[in-house]
Amino acid sequence: MDLKIILFISAVYGFITPSTSAVCRVNFPMDPEARPIVLKKFGSHMLRIMDEVQSVVLNNNEELTAFCRKKFEKPSEAVGLEKYTYKCSLTQRYYDYSYRYEDKSITMQCSTLKWSLYESTTPFKWCPIQFVSYVVAAQSGDEILGGICYNLEEMILHSLYAAVLPNFVEFLYPSGLLNYTKSVEIKEVNTSFIPWNILSSKYTNPQFEEWLQFASYQHHSLIQNIKMRHEAFDKLGGLLNIPWWTGLRLGNWHRYEMALETHIESGPHTYDILTGILNTISVPIPNNSCQEELKMVELKDQKNRTIPLYVWQYLKSTGNITDLDEIMIIGVNTPFQDFYDEKDLVFCEDICHKIDWLQKVHKTFRYKTMGIIFCCSYKEVRNTEHLQGFPMAITNETDVNIQQVDVGEDELIAEEEEEETITEPYEIDDEDIFVSDHHDAHGYTM
């Protein structure tokens with residue numbers, strides 16, 4: 001028989017006859033919340049497929065068993081199920097129009113909660129009365145992902161309360177939000193909360209302009225580590241942005257958050273985490289015409305907007321509580337540390353060196369170029385006068401009691417007067433509009 005005829009018959013036979021070794025590809029979504037728990041049989045045992053694996057190839061008659069915490073969204077035959085077993089079969093093999101074999105490919109995906117921003121039905125006990133309490137809550141259902149205390153008058157975040165699990169994947173209801181529910185949904189969040197640009201031209205005092213030449217401040221998310229920042233928070237636009245000094249954000253705060261990530265991943269405990277900002281930065285200004293003495297003056301722009309002096313994080317382990325399971329990590333958000341009295345700036349006994357999971361990073365925490373960080377016992381911070389308005393008692397599972405430190409009679413009078421005052425929104429000009437941040441390879445914004 002002619003060789004060309006033999007080759008033609010072989011090609012046609014190969015096209016119409018499926019291979020005896022089927023190959024099926026099962027894909028998984030990048031979103032960790034949408035990824036099912038996947039098990040594959042190895043001999044007589046079932047082993048879990050690692051979460052980092054984005055796809056699995058199966059041969060004929062091989063199976064995968066997958067579980068969703070809620071229900072399956074894909075594939076179509078698994079919709080509504082919590083458990084689904086997929087078997088690779090010869091009958092699933094097909095051809096494409098270019099006359100070659102094509103692997104059978106499916107995607108396994110779980111349905112996920114859809115989150116939105118709402119006002120809380122009642123104000124948070126840890127949120128100053130003149131601020132607004134928001135919850136990030138499920139669109140359908142009562143689940144709450146986090147609580148946000150926001151200064152609507154100055155358009156700046158005060159604090160964010162959330163909880164994290166060791167795998168950074170599963171949703172966890174923060175223990176301090178069990179008694180709160182959602183009310184009015186906030187629409188168009190991305191266009192409503194626009195960070196203001198920090199420009200030297202926005203300061204009427206020429207000496208402020210001079211000092212800002214030596215400080216790089218930019219608006220970025222309060223939570224920098226991408227694993228610790230839930231995907232729903234990223235959709236809130238500038239709501240969670242604060243003015244960060246670049247030295248602290250990319251220096252010691254970056255090192256601290258990486259160490260915290262490693263510590264939480266190692267388990268076994270979950271953490272309630274309250275993160276916020278307090279106090280305002282000042283710069284040295286000559287106190288007399290001879291410029292012999294300097295005094296610290298609060299830095300304010302033309303619209304009286306300020307920059308926070310401290311970025312702080314309260315950590316409470318849900319395990320056996322010891323003094324080191326309930327701590328404060330505080331970062332100094334200014335490059336002008338040398339002009340402050342160190343005892344006023346670092347106002348507690350620094351216990352960073354006593355915390356096991358900070359042993360590899362704490363030695364740089366006093367290197368000023370990377371931003372000073374110090375660690376405090378929560379009990380000591382609770383009684384200090386240096387952080388006015390700091391939450392006085394954080395929640396536990398049996399007693400939801402986050403209280404606000406008494407800020408004094410003058411502040412309370414001001415709060416009462418403010419209830420009768422209608423706050424006018426800021427005017428936004430071109431220089432105020434801030435371009436959203438970009439992420440580096442480590443999940444940090446640059």
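Author: Lys300 is partly exposed, at 33% relative accessible area; that class sits between buried, under 20%, and exposed, over 50% (1.4 Å probe, protein chains only). This is a predicted model, in which local features need pLDDT of at least 70 and side-chain atom pairs pLDDT 80 or more, while totals for chains, interfaces and linings use all residues. Residues are numbered from 1 along each chain as its sequence is written, and side-chain values use heavy atoms, without hydrogens or water.

Lys300 pairs with Glu298 in a salt bridge, with the closest N and O atoms 3.5 Å apart. The term means a side-chain nitrogen of Lys or Arg within 4 Å of a carboxyl oxygen of Asp or Glu. Glu298 is also partly exposed, at 33%. Side chains of opposite charge can pair when their charged atoms come close.

The structure holds nine salt bridges. One joins Lys71 and Glu82, at 3.4 Å from N to O. Lys71 lies in the loop between β5 (63-67) and β6 (72-74), and Glu82 in the loop between β6 and β7 (83-87), so this pair ties together parts eleven residues apart in sequence. Strands here are DSSP runs of E, at least two residues, numbered from the N terminus. Lys71 is partly exposed, at 37% relative accessibility. Glu82 is partly exposed too, at 43%.

Another salt bridge links Glu349 and Lys354, with 3.3 Å between the closest N and O atoms. Glu349 has 46% relative accessibility and counts as partly exposed. Lys354 falls in that class as well, at 41%. Glu342, Asp350 and Arg366 form a network of salt bridges.

Now look at β5, the strand that holds Thr65. Thr65 is buried, at 11% relative accessibility. The side chain of Thr65 makes a polar contact with the side chain of Thr85, at 3.3 Å. That term means N or O atoms within 3.5 Å; within protein, one must be able to donate a hydrogen and the other to accept it, and residues adjacent in sequence count only if both atoms are side-chain atoms. Neighbours within four places in sequence aside, Thr65 is in contact (heavy atoms within 4.5 Å) with Ile37, Val38, Leu39, Met46, Lys83, Tyr84 and Thr85.

Technical notes
Helices (H or I, at least four residues) and strands (E, at least two) are DSSP runs, numbered from the N terminus.
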